[in-house]
Amino acid sequence: MVERAPAKINLDLRILSREPDGYHRLETLFQALELHDVVEARPADALALEVEGDVDTGPAQDNLVLRAARAFLAAAPDAGPARLRLVKRIPAGAGLGGGSSDAAATLRALDALAGEPLGPQALREIGARLGSDVPFFLCGSPLARAQGRGERLTPLLPLPSAAVLVVDPGFPIATRDAFGWWDEHVAASGGRHATPEPGRDDAPGTGPHDFEALAAYARNDFEPPVFARHPSLAALKRHLLDAGATLSLLSGSGSCVWAVFRDDDRAAAAGARAGDLLPGARVLLTRSAE
Ligand code: C5P
């Protein structure tokens with residue numbers, strides 16, 4: 001069984017509040033990319049994972065793929081163990097949802113391999129316990145609005161595919177740290193948090209019509225606290241906008257910055273200069289999924 005595990009970017013991200021349990025309530029627009037990892041599952045005597053690719057994902061036994069597989073086998077005890085192979089292309093710690101997408105692809109692959117003993121709804125419930133971004137990768141739509149911690153999803157009409165440049169600065173940012181920086185940022189501004197409500201120019205169940213319309217209101221609330229610690233990311237975003245991007249934002253809690261361009265040539269030219277600006281950066285040219 002072979003499953004694609006796409007990356008995501010957040011086209012808009014508002015942090016609405018910090019809840020008493022320490023988690024944050026947010027509202028975001030998830031957009032899947034063509035950039036993807038691959039998860040393969042085949043029946044075996046014991047659960048095992050082999051990771052390929054030039055992305056550092058840490059020790060295999062801590063990989064979210066294995067945590068997803070163990071959660072699946074606990075919920076579907078009659079399904080036999082599997083040998084898993086992960087082909088890794090999505091940068092880790094980058095705000096692209098790679099680990100979450102790998103976990104979602106693992107759940108789909110194992111359920112398919114076992115004759116679908118659980119089905120989509122049960123997979124989404126397991127996925128939400130593995131990580132806040134996992135349910136999006138199980139919702140079956142390339143564009144969705146997410147609320148709560150990210151588990152309340154509204155699939156939206158896909159946007160036409162566009163060229164997306166993703167710049168990985170070469171260092172990761174842990175999601176937990178970025179939420180902590182946001183908390184400090186809000187405390188430093190006297191506890192007042194002034195994120196405006198998300199753009200509501202669209203009818204219920206529909207989303208933005210195109211990236212130009214989105215550019216008028218899109219924002220990512222992680223940018224002020226993350227850019228304050230990593231000014232090179234703010235400079236990178238400025239460069240991408242100066243190079244003609246329709247829209248550019250930090251991806252999720254970072255560390256990648258992405259930009260949408262009207263055509264591939266302009267995106268490639270901006271990418272070449274981004275590499276000069278930030279030594280150690282990796283530039284990936286992909287498209288939004290539709
Ligand atoms: O859910 P996930 O494991 O991806 O989250 C990683 C960390 O990010 C959590 O442990 C929590 O500290 C923080 N987080 C948060 N609010 C969210 C999602 C994540 O504070 N909505």
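The legends below describe a predicted model of a protein with a ligand, in several views.

**View 1. The protein as a whole.** The secondary structure comprises eight helices and 10 strands (DSSP runs of H or I over at least four residues, and of E over at least two, numbered from the N terminus). The C-alpha trace spans about 55 × 40 × 35 Å along its principal axes. Because a compact globule of 290 residues would have a radius of gyration near 19 Å, the 19 Å of the protein agrees with that expectation (taken over C-alpha atoms; the rule is 2.2 Å times the number of residues to the power 0.38).

**View 2. The shell around the ligand.**

View 3. A polar contact is a pair of N or O atoms within 3.5 Å. A polar side-chain atom of Ser132 lies 2.6 Å from a ligand oxygen. For the side chain of His24, the distance from an N or O atom to a ligand oxygen is 2.7 Å, and for that of Arg176 it is 3.2 Å. The protein covers 78% of the 450 Å² of accessible area that the ligand has on its own (Shrake-Rupley method, 1.4 Å probe).

**Notes.** Residues are numbered from 1 along each chain as its sequence is written, and side-chain values use heavy atoms, without hydrogens or water. Local features need pLDDT of at least 70 and side-chain atom pairs pLDDT 80 or more, whereas totals for chains, interfaces and linings use all residues.

Conventions
A polar contact is a pair of N or O atoms within 3.5 Å; within protein, one must be able to donate a hydrogen and the other to accept it, and residues adjacent in sequence count only if both atoms are side-chain atoms.
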